[in-house]
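Trainee: I would like to learn how to read a fold. Can we take one model and go feature by feature?

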Amino acid sequence: VGLAPGEAGVALLLERRGAPGLGVAIRAVAAEPTPLDPEPTSAVRGTRLAAVLSRLRVSSDRTGAQSVLFSDQNGEQWRAEEWAFWGLKLTPDWPPAADVVLPALSVGDTGAASNALACALSALALRHRGFAARESLVIGTSIDGRAGAALFTSAD
């Protein structure tokens, strides 16, 4: 189960407001960094991710895709089950109208680098003219139940 391993090296440079850059801002971050058990169930992991996502205010206008959602889905069964469980736990306006991007489909399973890679790609997606998105959301989890999300918006 899962995709072939890939390789990634990622470096992120955060600049303060007003500095030249991509014109992308981090609007919100939410996390549950404490591990649960050595092997929590998919339902527990999904519930924890839903709790993280419920703290973020993401556009819910369903008239067109205004968001890009980046996830660390990599073909592993527990990640797919986790995705299903967090979808069940959130309100009906979740997930927002979004284009879903799974970087692992392009670069393989990059492990710990997957979320940093998704953050870089989400910033580029907001600047790319091919996306009509105004915001991008990066979600990530670990096998021990840690969950986090970052919401990026165009600073223009």
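Mentor: Start with burial. Buried means under 20% relative accessible area, exposed over 50%, partly exposed in between (1.4 Å probe, protein chains only). In this predicted model, buried residues make up 38% of the 156 residues in the protein chain. Local features here need pLDDT of at least 70, side-chain atom pairs count only at pLDDT 80 or more, and totals for chains, interfaces and linings use all residues. Residues are numbered from 1 along each chain as its sequence is written, and side-chain values use heavy atoms, without hydrogens and water.

Trainee: Is Glu135 buried or exposed, and why?

Mentor: Glu135 counts as buried because its relative accessibility is 3%. Glu135 sits in strand S4, residues 135-141. Strands (E, at least two residues) and helices (H or I, at least four) are DSSP runs, numbered from the N terminus.

Trainee: Which side chain does the side chain of Glu135 make a polar contact with?

Mentor: A polar contact pairs N or O atoms within 3.5 Å; within protein, one must be able to donate a hydrogen and the other to accept it, and residues adjacent in sequence count only if both atoms are side-chain atoms. For Glu135, the partner is the side chain of Arg27, at 3.4 Å.

Trainee: What is the order of elements from the N terminus?

Mentor: The order is β-α-β-α-β-α-α-β-β. That gives four helices and five strands.

Trainee: Which residues of H1 meet H2?

Mentor: A contact means heavy atoms within 4.5 Å. Among the H1 residues that meet H2 are Ala43, Leu49 and Leu53; the H2 side includes Trp78, Phe85 and Trp86.
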